[in-house]
Amino acid sequence: MFHLLVSRKLNPEFCLEVPTRTCLNAYVKAMSLQKTAQMLAYEGVCQAYVFGPRSILIQQMGFTNLCFFISMDDIEPPFEETYPTLFHNSTARANDKTLFAVDKECELPLIDLARLNFWSFDQWIEEMAEAASQWGFFQVMNHGIPQKVFESMRKEQMKIFHQPFRKKSEQNFMNLSADSYRWGNPKATSLRQFLWSEAFHIPVADISKLEDESINPRSSIGLFATKAANLAERLAEYLAHNLRIKSSYFRDNCLPSSSYLRMNRYPPCPPSFEVLGLIPHTDSDFLTLLYQDHVGGLQLKKDGRWLSVKPNPDVLIVNVGDLFQALSNGVYKSVEHRVVSHPKVERYSVAYFYCPSYEAVIESTENIIKPAIYRKFSFREYKQQIQEDVRATGNKVGLSRFLL
């Protein structure tokens, strides 16, 4: 029995794709279960039976062992129901036509890790450092993480996020801490601060604890985290080489247990809501490794303009975090970015945040630029300052708090 959860809040032309040996495409209308069952049977793709008050059992024609259970339990977070003031109060709305203004679509600088074997090492490092300095973002190909790892990770994400909302929001879902599952923004005072998305923010140290009776995400998520950790360390050391920083700095300060994994899902969002999937921000780490699907929606700010990043599921996106900007004394840039949700289809991504231990000290190097721009601080101090600023203002202030 293959379990797939589908929301009641469906677009009229919602397409349900079941990834099995054969692909069952069913257009599930916003209608009664009985009519949905009749429609599926009429199209000849399956036999469909109403099974209880909120579900349908369907069996694909010609395959007695291929059955599908479609539950109408709601997978979507109750954004509007929980925050009615934000969505229905005109004063809370952005009413800003520039909120989604994008200058153009861009392709990020592409770094081919395979060329390291053929190019001059210094020339290759210079290309990566230039991307980190001018863009704060770049793509990597031939990175050593097999495509099947990403495919397995995506399947696990879909299984997890397609669980009913009531289950995902339970305190010990998958044996995770209560604050691992995040959606919306309880501190938002306007739609500009609201997030039309849901996510699981998981310390790498907790991946081994993952368990659930209906899904088994530990192996896929753990494998991705291990591969991403090794790649992040390599990339950090390459970028440190250009700054004449000891390569052992990251091995000494960034233990595998100190990093985080964040699985994201961006549900379809009506354009009329004027709300972003992820509000503009910078990342509070050294490097972020991002794998995203083909849907798109990631945007970054360059030279004061928002640019839409062309999606490419065959590469990994790498972006510089606040800590690397401070460590490099401003040579590398931690760039503001955001996500715009698609109006009709869901979007998935997974991010690996390469972080140091809380006791690690970040001190700006003066090997390239003098004098130091930022004062010395620990990662713990930086995180505490962010939390204080968010509580006081609703927004992260970031590195400007640590300028000399």
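Author: Buried means under 20% relative accessible area, exposed over 50% and partly exposed in between (1.4 Å probe, protein chains only). The model is predicted, so local features need pLDDT of at least 70 and side-chain atom pairs pLDDT 80 or more, while totals for chains, interfaces and linings use all residues. Residues are numbered from 1 along each chain as its sequence is written, and side-chain values use heavy atoms, leaving out hydrogens and water.

Reader: What share of the residues of the protein counts as buried?

Author: The protein holds 10 helices and 21 strands, where helices (H or I, at least four residues) and strands (E, at least two) are DSSP runs numbered from the N terminus. Of its 404 residues, the share that counts as buried is 52%.

Reader: How many of the seven residues of strand S12 are buried?

Author: Strand S12 covers residues 260–266, and Tyr260, Arg262, Asn264 and Tyr266 point one way from it, whereas Leu261, Met263 and Arg265 point the other way. The residues on either side are all buried. S12 is therefore largely enclosed by the rest of the structure, the buried count out of its seven residues being seven.

Reader: Which residue stands opposite Met263 in S12?

Author: Two strands pair if DSSP finds at least two bridges between them. Strand S11 (residues 198–203) and S12 run antiparallel and are joined by six bridges. The residue standing opposite Met263 of S12 is Phe200.

Reader: In S19, what is the bridge partner of Arg262?

Author: S12 also pairs with strand S19 (residues 347–354), in the antiparallel sense and over seven bridges. Along this pairing, Tyr260 stands opposite Phe353 in S19. For Arg262, the bridge partner in S19 is Ala351.

Reader: How many of the eight residues of S19 are buried?

Author: Both faces of S19 are covered, with Arg347, Ser349, Ala351 and Phe353 buried on one side. S19 is largely enclosed by the rest of the structure because the number of its eight residues that are buried is eight.

Reader: Which residue stands opposite Val350 in S19?

Author: Strand S14 (residues 287–292) runs antiparallel to S19, and six bridges join the two strands. Facing Val350 of S19 across this pairing is Tyr291.

Reader: What is the relative accessibility of Met174?

Author: Met174 lies in the loop between helix H6 (165–168) and strand S10 (181–183). Although Met174 is not a glycine, it has a positive phi of about 55°. Met174 counts as buried because its relative accessibility is 1%.

Reader: Is Asn329 buried or exposed?

Author: Asn329 sits in the loop between helix H9 (322–327) and strand S18 (337–339). It has a positive phi of about 60°, although it is not a glycine. Because its relative accessible area is 0%, Asn329 is buried.

Reader: What is the omega of the peptide bond from Lys370 to Pro371?

Author: Pro371 is found in the loop between strand S20 (361–362) and strand S21 (377–378). The peptide bond that leads from Lys370 to Pro371 is cis, and its omega is near -5°.
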